[in-house]
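Welcome! Take a moment to look over the chain from one end to the other before reading on.

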Amino acid sequence: MAGKFFLFKYEEGDIVTTRKKHPCGASSWKLTRVGADCKMVCTGCERQMVVQRPQLEKMTAQVNRGSELFK
């Protein structure tokens, strides 16, 4: 991805809040693997999902990393 930059610096263990809610009603996901493909686990129903990084960038509303909050 030459010439492109990432909006968020994701790390494993981050809680990502998405713009749209999951069908279970939760809108937060825990990142378990970060790279070109990111693996996420829903905090409401434990459903796992793998998405490509550019798609995750569009889905993200904010990132919670411990006590820090990134918008």
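How many residues lie between β2 and β3 in the hairpin they form? There are three residues between these two strands. Keep in mind as you explore that this is a predicted model. The protein chain holds one helix and six strands, and their order along the sequence is β-β-β-β-α-β-β.

**How the strands pair**

- Strand β1 covers residues 15-18 and strand β2 covers residues 28-33; the two pair in the antiparallel sense over three bridges. To see this pairing for yourself, find Ile15, which stands opposite Lys30 in β2.
- β1 also has strand β5 (residues 60-65) as an antiparallel partner, joined to it by four bridges. Here Val16 has Val63 in β5 as its bridge partner.
- β2 pairs with β3 as well, again in the antiparallel sense, over four bridges.
- β3 and β4 are antiparallel and share five bridges.

- β3 and β4 form a hairpin with five residues between them.
- Glu46 sits in the loop that links β3 (37-42) to β4 (48-52).
- The phi angle of Glu46 is near 65 degrees, which is a positive value in a residue other than glycine.
- Is Glu46 buried or exposed? Its relative accessibility is 56%, so Glu46 counts as exposed, the cut-off being over 50%.

**The largest pocket**

- The largest pocket has a volume of about 170 Å³.
- Among the residues that line this pocket are Thr18, Arg19, Lys20, Lys21, His22 and Pro23. Trp29, Met49 and Met59 are also part of the lining.
- Sorted by class, the lining has four nonpolar, two polar and three charged residues.

**The chain as a whole**

- Of the 71 residues in the protein chain, 32% are buried.
- The accessible surface of the protein chain is about 4,900 Å², and carbon and sulfur atoms account for 50% of that area.
- Among contacts in the protein chain with a separation of 6 or more, 33% are between residues 24 or more positions apart.

Key
Residues are numbered from 1 along each chain as its sequence is written. This is a predicted model: local features need pLDDT of at least 70, side-chain atom pairs count only at pLDDT 80 or more; totals for chains, interfaces and linings use all residues. Side-chain values use heavy atoms; hydrogens and water are left out. On a 1 Å grid over the protein atoms alone, a cavity is a set of points where a 1.4 Å probe fits but cannot get out, and a pocket is an open set with protein on both sides within 12 Å along at least five of seven lines; lining residues have an atom within 4 Å of a point. Grid points are joined across faces, edges and corners, and a volume is the space filled by probe spheres set on the points. Ala, Val, Leu, Ile, Met, Phe, Trp, Tyr, Cys and Pro count as nonpolar, Asp, Glu, Lys and Arg as charged, and the others, Gly among them, as polar. Buried means under 20% relative accessible area, exposed over 50%, partly exposed in between (1.4 Å probe, protein chains only). Two strands pair if DSSP finds at least two bridges between them. Contact means heavy atoms within 4.5 Å. Accessible areas come from the Shrake-Rupley method with a 1.4 Å probe; for residues, only the protein chains shown count as cover.
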